[in-house]
There are 2 protein chains.
Amino acid sequence: MANKYLEEITISFKTELEKLQTNFNTNIPKNNPLLKKIVSHILSSGGKKIRPIITMLIAKLIASEKKIADPVLHLATAVELIHTATLLHDDVVDNSKQRRNKLSANFVWGNKPSILVGDYIFSQSFIFMVLVNDLNILKILANTSAEIANSEVMQLSMLHRTNITDTEYLQLIQGKTANLFAAACKCSAITLNASAELEKAADKFGLNLGILFQLCDDYKDYFSSQEKLGKKPGNDFFEGKITLPLLLFFKKAQDNDQQVIQDMLKNKKQSSEDFTKITQILQKYETQSLTIKFIKKQMDKTLKQLDIFPSSTYKNQLRNVVLSLLD
Amino acid sequence: MANKYLEEITISFKTELEKLQTNFNTNIPKNNPLLKKIVSHILSSGGKKIRPIITMLIAKLIASEKKIADPVLHLATAVELIHTATLLHDDVVDNSKQRRNKLSANFVWGNKPSILVGDYIFSQSFIFMVLVNDLNILKILANTSAEIANSEVMQLSMLHRTNITDTEYLQLIQGKTANLFAAACKCSAITLNASAELEKAADKFGLNLGILFQLCDDYKDYFSSQEKLGKKPGNDFFEGKITLPLLLFFKKAQDNDQQVIQDMLKNKKQSSEDFTKITQILQKYETQSLTIKFIKKQMDKTLKQLDIFPSSTYKNQLRNVVLSLLD
């Protein structure tokens, strides 16, 4: 049900999302077929476009009477492109084979074009940032991009380390995911000259939504089906990433079960049998419902950030975006 | 001798170059040892810093009485960081083992951290661009970065293709190398409110210098020693890149010798023996002196772009930078 809402919201921004895609497409040089092919592959696979959608919803929340103006559209494009560039490089780093129910670019064309096309898309994100025409916004987005890369490097050093603390985990997902959501919401408010109070509220909403988004992502990687996920589940486990379900498991499990999973994670080559085994052990401690409980708390916290905004269709839509994440 | 001049210029900008390094260092997060280690490795290997040096020399050429102001310094930092990020990703793409007489980052830490640290440095370049505080400059540099990535992708599709035309080659080296030199010089002029005429002259000088720089790079990869090059020569050949020496060779060589080299290049695994053989065939057609002759012409063209500027110490230093490139 919740995803029906997300679909409705996407339809309500159809014109803007198409414009966003067209704006980006016109920038792609005509004389570089390889670049064009890879970019088309990524764009055609779509994705939920959740970042541009919340950027536009925050704009509407603050000035519901206004049409989505160019600065908001450029901001939404820049944010989506930062995210897309990150995906391309992440897939290389994680040796991913699938993305959004399609083969990943690195799997089809190899790592080299994926790295360079990622750089191209990242540069394009800066071109759109510049079009927003606001040095303050540029500063925020440049810092957010640096923070994403910093966190991705940090994530590499944390792989296979089973003693990750809650604080480390939270810091990591803020840096790699949530800060971009926060920046999108905050900058959207800035383009509309929102009051300092509303700008701060938008920022906090974005941050909490981003954390929620990553928690749900981590949940799905253990408990979702391949069909819903657009790729095989278990990636985090196979890469040695310690995420929310394992953190919750480690707090509750008996020593012998802890040991089994720790040994698996320290090993750098996990098998599919290991993943089956791990899900069975997680089941024993009701890790799935524990994770859902944890996520629901973050969901409530995120929704609470909207309290300051007056009631409107757009506030309802933002609530629905939040609720749709665990669908 | 020419490099003695470059050394002198570097010393004359010692304070500024140190400040540039300090500015960047203070941005590196304290709690990410892996990032810190890789960044230190790259920065300690130094490089010639030719891009920041010409950025500052152009500023001095236009306003010799002024100290290098913060916007010029930030611009110089941004340009050097764009270049550094590109190097990290290039080394991954080219499977390089060495860079600046040191092991390459990808060889020491693997491809994954190199990709992500490259992204981090690239984001940092944008942070410094924003500090320049000029939307026009940001636009130029964002477009230049996109053009670099676009050209690097194009270069991938051109590998092992022996029918590269002069126009294609020139377009490629402009995009991947010369445009950044042009942008550095042009933006430096912009920060000093130079006249449109001088801004254009700085731009053209930078573009020609950048082309010259790449031509010399291509020359050295065939005709320089490992000691001078900081890495083994022959990389372009091993990667299947068709560069200036081969383009000149193809214009002059007899059919049978052309065939030998074409067959080698189409083959995706070249041996060291192949490289020895190729240098012998190139010798037969005096390709080295042909290449030098071609480069000297570009050198003259580059120097000519300085005519418009009044005589000064800084003009002499810029001339010396140009002359030092073929040392």
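How many other C-beta atoms lie within 10 Å of A:Phe237, and is this residue buried or exposed?

A: This is a predicted model, in which local features need pLDDT of at least 70 and side-chain atom pairs count only at pLDDT 80 or more, while totals for chains, interfaces and linings use all residues. Residues are numbered from 1 along each chain as its sequence is written, and chains are lettered from A, with ligands numbered from 1, in the order in which they are written.

A:Phe237 is buried, with 22 other C-beta atoms within 10 Å (buried means 20 or more other C-beta atoms within 10 Å of the residue's own, exposed 12 or fewer, and partly exposed in between, with C-beta atoms placed from the backbone). The residue is found in helix α12 of chain A (helices are DSSP runs of H or I with at least four residues, numbered from the N terminus). Leaving aside neighbours within four places in sequence, A:Phe237 is in contact with A:Gln270, A:Phe275 and A:Ile278 (contact means C-beta atoms, placed from the backbone, within 7 Å). The C-alpha atom of A:Phe237 is also separated by 7.4 Å from that of A:Leu265, 28 residues apart along the chain.

The loop between α11 (226–229) and α12 (235–239) of chain A holds A:Gly230, a partly exposed residue with 15 other C-beta atoms within 10 Å. Apart from neighbours within four places in sequence, A:Gly230 has contacts with A:Gln98, A:Arg99, A:Arg100 and A:Asn101. With A:Gln98, which is 132 residues apart from A:Gly230 along the chain, the C-alpha separation is 7.4 Å.

Elsewhere in chain A, helix α5 (residues 70–93) contains A:Ala78, which is buried, with 29 other C-beta atoms within 10 Å. Once neighbours within four places in sequence are set aside, A:Ala78 is in contact with A:Ser125, A:Phe128, A:Met129, A:Val132 and A:Leu141. A:Lys66 is 12 residues apart from A:Ala78 along the chain, and their C-alpha atoms are separated by 21 Å.

Helix α2 (residues 14–27) of chain A has 14 residues and reaches 21 Å from its first C-alpha to its last, close to the 20 Å expected at 1.5 Å a residue (the expected span being 1.5 Å times one less than the number of residues). Its buried residues are A:Glu16, A:Leu17, A:Leu20 and A:Phe24. They cover an arc of only 100° around the axis, and therefore lie on the same side of α2(A) (the arc is that of the directions from the helix axis to the C-beta atoms). The face turned away from this buried side carries the exposed residues A:Lys14, A:Thr15, A:Glu18, A:Thr22, A:Asn25 and A:Thr26.

The largest nonpolar core has 200 residues, of which A:Ile54, A:Val117, A:Phe181, B:Ile54, B:Val117 and B:Phe181 touch the most other members (such a core is a set of buried Ala, Val, Leu, Ile, Met, Phe, Trp, Tyr and Cys residues joined through C-beta atoms within 7 Å). Not counting residues up to four places away in sequence, B:Ile54 touches B:Phe181, B:Ala184, B:Cys185, B:Leu209 and B:Val321. B:Thr144 has its place in helix α8 of chain B and counts as buried, with 21 C-beta neighbours inside 10 Å.

Chain B is superposed on chain A by a rotation of 180° with 0.0 Å of shift along its axis, at an RMSD of 0.0 Å (by least squares on the C-alpha atoms of residues with pLDDT of at least 70 in both). The two copies are therefore related as by a two-fold rotation axis, and the same surface serves both, since 100% of the contact residues of chain B recur in chain A.

Notes. Two residues are in contact if their C-beta atoms, placed from the backbone, lie within 7 Å. Helices (H or I, at least four residues) and strands (E, at least two) are DSSP runs, numbered from the N terminus.
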